[in-house]
Amino acid sequence: MSEKAKTMDCDTFKEILHQMNRPGALESPESDRALAHAESCSHCAEQLMHVEWLEFSLAKYAEQSATLQAPSRVEAALQQEFRRQQAARARRQIAWRLAALATAAALFLAVGLSLRHRQIQLPSPAIDVAPQAAVEAPQTRPAAPPAQAPAQTASERKTIARAHRGHAVSASPVEPYEEASFVRLPYTVDSVTLDGGTIVRVEMPRAALASYGLPVTDFGGNDRVPVDLVLSTDGTPEAIRLVSQMSPSQEF
Amino acid sequence: MVMKLAMELNDDGLLRRMSAGDEDAFTLLYRRRHPAIYRFALHMSGNPSVAEDVTQEVFMTLIRDPQRFDPARGTLGGYLYGIARNHLRKRWEQDRHSVPLADDSDSLGLVFGKPAVPANGNGNGHGPIPDSHDLLNSLETVGRVRQAIGTLPENYREVVVLCELEEMSYEEAAAALECPVGTIRSRLHRARTLLLEKLRIPAAKTRTAVGP
């Protein structure tokens, strides 16, 4: 038995037997010692021969099966599935985009309707409602109804007969000395009925009142003039009157 | 077009293009990867029909949800092997009567163009190891080895298929099977020992057959 063989016993040889021919699995000196042991041990030599036979057979088997691959019908089926998936994905994307567009359209519509509704509810831009405006509900503090409402007179002007119920609004500019008379605002329709309407006392710019034909020349240097507005049920100003023209008994 | 893609893109690049709807990229990826998956399924199941189904299912999974593959967790090859293993296990669970290779009617033998070698008298496929020089090119030897591989437990069969037949390194096999390299090494050692035991005859007969 050589000196090299003495360094490896059969158990160690058996442990590394399957690694001997695998590239990189063993260090060269260890492989050399194993080969030297096999030369001196017939049992281990037989083991090594069997392993080499097994490795060769496995390599032969691997070589024979290396060219195996799935039939072409598998590739065709997969390509068909790929196209089907892509079409389905495209349909889903279109559906999502349509849904997003519909949502956006609905949102815009809702916002538009909301803005329009608010615009309708807001008073006319010409009327500058002062912060200190006193809003009075007709049920709690009804404004003094026009004491003398010469409605249905021969003149073009019509006065508000009653501020709260069934008010008829004049159709033409009022004369400056007509006390407690409401003047119909230009954009309102004739014979507006103000069921459930509200009288609101506000201050408005003199220029705006002058544009309605109200006599505001004798209000001194005040730029803002107190007025009563008749608001319809939807909040739209319908008629106006100057507060200072009224007698004290008619004031709230 | 496909050739240009093949030269320019690795697996990850092809997968990205495939995810974006590029059919050429998918075709190239399939042609590049499917033979190994098919062979793995074939060696593991011993049945070409099962191997075909498993291969198709593996790539169907990739088509339906390519985003499931995470390059940070491993290679695409390892991912595909993992899907193949899962499908094979499902098949075995669904059809417990179908035992791979050993009890099969050897449909795999038909793949190699030659009927399988019948088992020896002892009924377990064991037989003498003849003189290696006479058997080097013998299909019979290959057939016996193939049958012996088919009788290995699944864990051992996997490492034999990957390390011996697909010639993967321990590291590549470990990545494909999602286990440590040491496990691969020890399983392969045990699998080869089992293979030798299955192919071995009593020592006296071996010496008679092998040696003059």
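In chain A, strand E2 (residues 183-184) runs antiparallel to strand E5 and is joined to it by two bridges. Within that pairing, A:Arg184 stands opposite A:Ala239 of E5(A). Please keep in mind that this is a predicted model.

E5(A), residues 237-242, also pairs with strand E4 (residues 224-231) of chain A, in the antiparallel sense and over five bridges. Here A:Leu229 is found opposite A:Ile240 of E5(A). E4(A) and E5(A) form a hairpin with five residues between them, and A:Gly235 in the turn has a positive phi of about 90°. How many of the residues of E5(A) are buried? Six of its six, and the strand is thus described as mostly covered.

I turn now to chain B and its helix H5, residues 76-94. At 1.5 Å a residue, the 19 residues of this helix should span 27 Å, and this agrees with its end C-alpha atoms, which are 27 Å apart. The buried residues of H5(B) are B:Tyr79, B:Leu80, B:Tyr81, B:Ala84, B:Arg85, B:His87 and B:Leu88. Their cover includes H3, H4 and helix H10 (170-177) of chain B.

Finally, the interface. Chain B brings 34 residues into contact with 26 residues of chain A. On the chain B side, the elements giving two or more residues are H3 (23-45), H4 (48-64), H8 (139-150), H9 (154-165) and H11 (181-199). Which element gives the largest share? That is H3(B), with nine residues.

Technical notes: Residues numbered from 1 in each chain as written. Chains lettered and ligands numbered in written order. Predicted model: local features only at pLDDT ≥ 70, side-chain atom pairs only at ≥ 80, totals over all residues. Contact = placed C-beta atoms within 7 Å. Helix = DSSP H or I, 4+ residues; strand = E, 2+ residues; numbered from the N terminus. Expected span 1.5 Å × (residues − 1). Buried ≥ 20, exposed ≤ 12 C-beta atoms within 10 Å, placed from the backbone. Pairing = 2+ DSSP bridges.
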